[in-house]
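Dear colleague,

Please find below the structure for your review.

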Amino acid sequence: MYMTQGLRRATKLNPGKIALISEKRTFTWAEFQDRVARLAGALHGLGMKGEDRVAMLSFNQDRYAEYYYGVFWAGANVVPMNIRWSLAEHVYSIKDSGARYLVVDDAFAEMGAAIAKECPTVEHVIFAGDGDCPAGMLSYEGLVAEACPADDAFRTGEDLAGIFYTGGTTGFPKGVMLPHRALWASSMCFGAGANVTADDRNIHAPPLFHIAGSAMLFSLTIFGGSHAFIPGFEPKAFLNAVTEFDGTISLLVPTMIGMLLQASELEDADTSRLTRLIYGASPMTLSVLKEAMEKMPETRFIHAYGQTELAPLATLLGSDYHVLDGPKAAKIRSVGQAVPAVEIEVVDETGAEAPRGQSGEVRVRGANAMLGYWNKPEQTAETLKDGWVYTGDGGVMDEEGFLYIVDRVKDMIITGGENVFSAEVENAIMQFPGLSECAVIGIPDDRWGEAVHAIVVPRAGQTPDPAAIVAHCRDLIAPYKCPRTVEVREEALPKSGAGKIQKFELRAPFWEGRDRNVG
């Protein structure tokens with residue numbers, strides 16, 4: 001269970017076959033492995049030691065794949081950075097992880113310099129862009145060209161592979177510690193469930209910092225499939241990539257699929273080669289799924305459910321259940337069954353398994369489970385109990401083991417495939433002057449699944465401007481976390497006997513008439 005195994009195997013089996021392809025470059029498996037080994041050698045030459053952390057802030061590109069495997073090859077840990085974060089969030093995650101190296105592309109060179117200025121622990125900023133290397137940074141291509149190939153460190157099993165940051169319940173991101181064992185197991189299960197082969201080519205459209213995007217990279221590599229990269233998702237660019245790069249498989253979040261369906265280019269596009277489209281990271285509405293199945297009849301759809309703490313895969317709903325008629329049609333609303341490497345239970349408040357058909361919290365255990373949260377033992381203890389990862393999702397399991405997600409136990413919003421913990425947003429909002437109370441909830445949104453909605457109560461004599469509150473938040477947290485709407489109320493927010501704000505009461509009017517109160 002070591003992450004470089006797939007790369008080594010593919011290179012031995014098909015050294016001259018294309019592994020990485022983009023608008024600017026193409027590399028075979030042999031070239032890919034050589035560049036990975038040289039990147040590892042370059043990092044060693046810069047003084048990197050075992051289990052050092054190497055961060056990357058970049059749009060999708062072939063060098064992102066080299067970064068992941070080069071760091072693994074060197075025996076260190078990856079720290080992928082969210083491209084939508086604010087400077088403050090980047091600085092927090094770099095300081096929290098203790099990353100000594102930061103890799104950036106053209107788009108984030110300026111941000112990288114600002115991060116390094118705020119984080120003295122960053123010893124080197126490596127420029128992995130296509131333009132001129134900025135002053136004070138090291139050239140990625142120069143390092144790879146001049147370095148001698150390093151030997152594979154063969155870190156494996158419980159050895160830490162990386163720290164993947166996700167939203168935090170206390171207002172700060174949490175670093176999920178994923179070992180080689182978890183990433184390998186999840187990738188193997190996905191590849192088997194999606195019937196990935198060496199003839200497949202994945203179109204990387206979702207960001208590679210995200211665990212769903214990186215999981216596609218790892219899984220395709222394990223099974224010998226190749227990779228085509230576009231900087232980010234845009235319907236026309238995605239459809240062009242499917243044709244130009246001969247893409248056979250891809251993963252999109254439901255928001256992206258919705259954008260694709262609205263694109264005029266889809267009508268004339270040939271998507272027949274795209275045999276499988278995986279969706280996940282946030283719930284898919286049945287109406288959007290039906291439309292996608294109608295407009296892309298030769299594409300098989302697969303639903304993947306999980307979370308970062310599970311590296312990320314827990315269940316799959318295969319294409320044979322994506323039907324609208326017949327005995328299997330009822331399963332289309334589920335997220336599928338547990339993949340082979342994991343066990344799933346729905347439990348009540350006491351931790352006892354709930355009877356089939358009754359709701360409770362979804363918990364998962366298996367080879368895909370995280371080690372815990374970096375430097376957060378209390379939050380680790382709350383989520384990881386006796387080997388079980390408590391997901392925070394409310395679910396129901398039927399007699400055949402199909403899981404249906406019906407609610408969210410954790411105070412979390414999923415908007416456009418990104419996790420937003422209410423506490424993060426509330427922490428930012430309450431730094432705005434003149435407020436006495438605040439509650440942040442998720443409300444229905446046809447495009448994003450859920451939208452972040454803030455309800456604030458001003459102090460006596462204060463009249464806060466909703467637009468000013470949103471602008472204030474943009475200086476503290478990523479734009480996607482900022483409230484899209486702010487509601488000002490004069491009356492106190494509803495509270496329990498213990499004084500806790502009753503968010504279910506605040507959510508109820510927005511979700512009335514829907515079959516579940518999460519997006």
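This is a predicted model: local features need pLDDT of at least 70, side-chain atom pairs count only at pLDDT 80 or more; totals for chains, interfaces and linings use all residues.

**Helix pairs**

Two packed helices are described by the angle between their axes and the distance between the axes. For helix H1 (residues 5-13) and helix H2 (residues 29-45), the angle is about 140 degrees and the axes are 8 Å apart. Axes here are lines fitted to C-alpha atoms, for helices over the stretch in contact, and angles run from 0 to 180 degrees between N-to-C directions. Helices and strands are DSSP runs, of at least four residues for helices (H or I) and at least two for strands (E), numbered from the N terminus.

The crossing of H1 and H2 is left-handed; a crossing has this hand if the near helix is turned anticlockwise from the far one by less than a right angle, and is right-handed if clockwise. H1 brings Leu7, Arg8, Ala10 and Thr11 to the contact, and H2 brings Trp29, Ala30, Phe32, Gln33 and Val36, where contact means heavy atoms within 4.5 Å. By class, these residues comprise 6 nonpolar, 2 polar and 1 charged. Ala, Val, Leu, Ile, Met, Phe, Trp, Tyr, Cys and Pro count as nonpolar, Asp, Glu, Lys and Arg as charged, and the others, Gly among them, as polar.

Helix H4 (residues 87-97) packs on helix H5 (residues 109-118) at about 55 degrees, with axes 10 Å apart. This angle makes H4 oblique to H5. The crossing of H4 and H5 is right-handed. On the H4 side the contact involves Leu87, His90, Val91, Ile94 and Lys95, and on the H5 side Met111, Ala114, Ile115 and Glu118. That contact has 6 nonpolar, 1 polar and 2 charged residues.

**Helix H7**

H7 (residues 180-193) has 14 residues and spans 20 Å from first to last C-alpha, close to the 20 Å expected at 1.5 Å a residue. The expected span is 1.5 Å times one less than the number of residues. Because 10 of its 14 residues are buried, H7 is largely enclosed by the rest of the structure. Buried means under 20% relative accessible area, exposed over 50% and partly exposed in between (1.4 Å probe, protein chains only). Among the buried residues of H7 are Arg181, Leu183, Cys189 and Phe190. Asn195, which follows H7, has a positive phi near 55 degrees.

**Loops**

In the loop between strands E14 (300-306) and E15 (313-317) lies Pro312, and the peptide bond from Ala311 to Pro312 is cis, with omega near -10 degrees. Ala311 has a positive phi of about 65 degrees although it is not a glycine, and this residue is buried, at 2% relative accessible area.

Asn375, also not a glycine, has a positive phi of about 60 degrees. This residue sits between strand E19 (372-373) and helix H12 (377-383) and is exposed, at 53%.

Asp475 lies in the loop between helix H14 (466-474) and strand E27 (485-488) and is exposed, with a relative accessible area of 62%. The C-alpha atoms of Asp475 and Ala88 are separated by 8.3 Å, although these residues are 387 residues apart along the chain.

Yours sincerely

Note on methods:
Residues are numbered from 1 along each chain as its sequence is written. Side-chain values use heavy atoms; hydrogens and water are left out. Angles under 35 degrees count as roughly parallel, over 145 as roughly antiparallel, 65 to 115 as roughly perpendicular and the rest as oblique.
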